[in-house]
Amino acid sequence: MAELDANLVKLAFQAIRTPQKWQNLLQHIIDVTPAHAAIITLRDKKTCQIVNDDALEQEYHSPLIQGFSLEAVTYYLEELRTIDPWAAAQIHHYPHRPTVMSKVIVPRDTKDRRFFDWLEMGGLKDTIAFELDRMPGNWTAINLFMPCLLYTSPSPRD
């Protein structure tokens, strides 16, 4: 495990100095966790913006998105970004420590299922989100997308 930690720190340091290397860091995180995809986002009180949004709008590609096909990223950016219930919840619920988002908003209780249908098409069911940094008016988060639902709310009988 110490070797993995050393590699993680090394990759994080490289990514901070050279933003194009975030892809290597995200891929490493995916490789050593149960996550299958990851996105780094910049949040504010009104919107969910993916960091480096200008480049994404031009090419629909970013080193800050890993594990999604180009088509899936395009669909998310054009159709789902503004209706992502977990992103909306994160705007008001800063996850200071890793937070299982299915605990905050239960997918089965959501009326507009388009975001969750998109996740399931990619074999994903849940995300762990946590804050990376905070600045006035904005904060940066990482979302690790998982293939299984990590939380199931108690049934009404419980």
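R108 and D109 pair up in a salt bridge, with 4.0 Å between the closest N and O atoms; the term covers a side-chain nitrogen of Lys or Arg within 4 Å of a carboxyl oxygen of Asp or Glu. This is a predicted model, so to speak of local features takes a pLDDT of at least 70 and side-chain atom pairs count only at pLDDT 80 or more, while totals for chains, interfaces and linings use all residues. Numbering starts from 1 along each chain as its sequence is written, and side-chain values use heavy atoms, with hydrogens and water left out.

Both R108 and D109 are exposed; here buried is under 20% relative accessible area, exposed is over 50%, and partly exposed lies in between (1.4 Å probe, protein chains only). By the salt-bridge rule the count is four. Among them are these:

| Pair | Closest N to O distance |
|---|---|
| R108 and D109 | 4.0 Å |
| R113 and E120 | 3.5 Å |

Salt bridges with shared partners tie R113, D117 and E120 into one network. How accessible are the members? R113 is partly exposed because its relative accessible area is 27%. D117 is partly exposed too, at 38%, and E120 is partly exposed at 43%.

Now for the inside. The largest nonpolar core holds 19 residues, and F68, F115, W118, L119 and F145 have the most contacts inside it. A core here is a set of buried Ala, Val, Leu, Ile, Met, Phe, Trp, Tyr and Cys residues joined through side-chain atoms within 4.5 Å. At least two residues of this core come from each of β1 (37-43), α4 (70-80), α5 (85-92) and α7 (114-121), and α4 gives the largest share, five residues. Beyond its neighbours within four places in sequence, F68 is in contact (heavy atoms within 4.5 Å) with A37, A38, I39, V73, W118, L124 and F145. A second, separate core has 14 residues, including L25, A35, I128 and M146.

Zooming out, the protein has seven helices and six strands, taken as DSSP runs numbered from the N terminus (helices H or I, at least four residues; strands E, at least two). Their order from the N terminus is α-α-β-β-α-β-α-α-β-α-α-β-β. Of the 158 residues, 41% count as buried. Among contacts with a separation of 6 or more, 62% link residues 24 or more positions apart. The accessible surface is about 9300 Å², with 55% belonging to carbon and sulfur atoms; such areas come from the Shrake-Rupley method with a 1.4 Å probe, and for residues only the protein chains shown count as cover.
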